[in-house]
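Good morning, colleagues. Please look at the structure on the screen while I go through a few of its features.

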Amino acid sequence: MSKKDILVEISARHAHVTQKDLEILFGEGATLTPTKPLSQPGQFATAQKIDVVGSRNTLKCVTILGPVRSATQVEVAATEARTLGIKAPIRESGNVAGSAGATLIGPAGSIVIEEGVIVAKRHIHFSDVEAVEYNVQDKEVVMVKVSSDDRSLIFDDVVVRVHPNFKAAMHIDTDESNAAGISGEVMGEIIKK
């Protein structure tokens, strides 16, 4: 087994929307207002927030991430999906075919998506150059050890995602960060299988 450190970031619930859906939710001609850059180049949190409604409950003030996408998608932790009453599958971002649906409510309107609600599969982003440095390939599955004072653990089934525009960082959701007893950004140790 070989090991190498990676930045681990917590990805809280969020949404990605198409331009068409953005305008339904926020009004004709609406654009996303960046509030904070994210670790992945060109990605940003926005001032726009929506409510996500399931059969049992509502998640309020879910942040939309920019830029706009080719498909609308909502990423929640498994605990949040259960709270909503939604059976959201664990998927890689963008793989929404046959996933769960929900109602999305913005200040100007609402939409019902038949699919698009997922629990994001834990993953690591790498640029092509970083993938060579870390000796990993796109779609490879690795383990990552995260140390904390009381709840250190090893995440298995971490999928590697390689793209020229990515920057090295692992993303886990809030359920996973709570399980490891971590907050903010920490370093993890990649363990190749």
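Ile-191 lies in strand S14, residues 186–191; strands here are DSSP runs of E of at least two residues and helices runs of H or I of at least four, numbered from the N terminus. This is a predicted model, in which local features need pLDDT of at least 70, side-chain atom pairs count only at pLDDT 80 or more, and totals for chains, interfaces and linings use all residues. Residues are numbered from 1 along each chain as its sequence is written, and side-chain values use heavy atoms, with hydrogens and water left out.

Ile-191 is buried, its relative accessible area being 7%; buried means under 20%, exposed over 50% and partly exposed in between, with a 1.4 Å probe and protein chains only. From Val-136, Ile-191 is 55 residues away in sequence and 11 Å away in space, C-alpha to C-alpha.

Asp-21 is buried but has no salt bridge, that is, a side-chain nitrogen of Lys or Arg within 4 Å of a carboxyl oxygen of Asp or Glu. The nearest side chain of opposite charge, Lys-20, is 5.7 Å away; Lys and Arg count as positive, Asp and Glu as negative, while His and the chain ends are not counted. Which residues does Asp-21 contact, leaving aside neighbours within four places in sequence? They are Thr-72 and Ile-111, where contact means heavy atoms within 4.5 Å.
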